[in-house]
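Here's a quick walk through the fold, the core and the aromatic residues. Have the viewer open as you read.

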Amino acid sequence: MLCKACALVLISYTLYMVFEVHLTDSCNRSCPFCSFAKNSFIETHDNIVKFCREIERRNPNRFQINLFGGEPLVNSKEVKYIIDFFRENDNCKIWLFTNGDLFNEISDRRYLDRIHAQISVYDIFTKLDKYRLWLDNLNNDRIRFTYTFT
């Protein structure tokens, strides 16, 4: 049985499986259109361990893990744990859905080399230089980013 508290969603495709985990309702921002900043749910380490072990038990050939929040990097300890747990599994893709403000929490290349990031960009003009400098410094073809303008 998958841990209910992880808000885990399993989407089964013929090509690969997708696992989604809701890491937190907290956020470091207070965007006027979003209610997450006012919430305080943060997933427990025990449930994240159960989540990872359940995926390992299912032993999918190819799979993707989507990390959501609020802002998932508010719970960066668990983001790092999931990346480390599946580090040696080349059949695993890890997607991080983030606002990008807390990338310094996982700035070590051993984490960045394993993720694909979907950055939701709100107030782009005040953050553009920050994102540009950060991305220019990465200089790595293995790190993939997409942007959503909100």
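## Overall layout

The protein chain has 4 helices and 6 strands, and going along the sequence they come in the order β-β-α-β-α-β-α-β-α-β. Keep in mind that this is a predicted model. Of the 150 residues in the protein chain, 44% are buried.

Contacts reach well along the sequence, too. Take those between residues at least 6 apart in the protein chain: 68% of them join residues at least 24 apart.

## The nonpolar core

The largest nonpolar core has 27 residues, and the ones touching the most other members are Ile65, Leu67, Ile82, Phe103, Ile106 and Ile115. Who supplies it? At least two residues each come from strands S2 (17-22), S3 (63-68), S4 (92-98) and S5 (115-121), and also from helices H1 (45-58), H2 and H3 (109-112). H1 is the top contributor, giving 4 residues.

Skipping neighbours within four places in sequence, isoleucine 82 is in contact with Val21, Leu23, Ile48, Phe51, Cys52, Ile65, Leu67 and Ile94.

## S3 and S4

S3 and S4 run parallel and are joined by 5 bridges. S4 is mostly covered, with 5 of its 7 residues buried.

## One face of H2

Which residues of helix H2 are buried? Across residues 76-85, the buried ones are Ser76, Glu78, Val79, Ile82 and Ile83. Looking down the axis of H2, those buried residues sit within an arc of 160 degrees, so they line one face of the helix.

## Aromatic pairs

There are 6 aromatic pairs in the structure. In one of them, the ring centres of tyrosine 81 and phenylalanine 85 are 5.9 Å apart with the planes at 40 degrees, so this pair is tilted. Tyrosine 81 and phenylalanine 85 are 4 residues apart in helix H2, which puts about one helical turn between them. Tyrosine 81 is partly exposed at 22% relative accessibility, and phenylalanine 85 is partly exposed as well, at 25%.

Tryptophan 95 and phenylalanine 97 make another tilted pair, because their planes are at 35 degrees, with ring centres 6.2 Å apart. Phenylalanine 97 counts as partly exposed, with a relative accessibility of 25%. There's also an aromatic cluster made up of Phe19, Phe63, Tyr81, Phe85 and Phe86, so Tyr81 and Phe85 show up in both the tilted pair and the cluster.

## Cysteines

How many disulfides does a search of the whole structure find? The count is 0. Cysteine 92 is in no disulfide, and its nearest cysteine sulfur belongs to cysteine 52, 9.0 Å away. The cut-off for a disulfide is 2.5 Å between the sulfur atoms.

Both of these cysteines are tucked away from the surface by the accessibility criterion: cysteine 52 is buried at 0% relative accessibility, and cysteine 92 is buried at 4%. Cysteine 52 is also one of the contacts of isoleucine 82.

Definitions and conventions:
Residues numbered from 1 in each chain as written. Predicted model: local features only at pLDDT ≥ 70, side-chain atom pairs only at ≥ 80, totals over all residues. Heavy atoms only, no water. Buried < 20%, exposed > 50% of the residue type's maximum accessible area, 1.4 Å probe, protein only. Arc of directions from axis to C-beta. Core = buried A, V, L, I, M, F, W, Y, C linked by side-chain atoms within 4.5 Å. Contact = heavy atoms within 4.5 Å. Phe/Tyr/Trp six-rings, centres within 6.5 Å; stacked < 30°, edge-to-face > 60°. Pairing = 2+ DSSP bridges.
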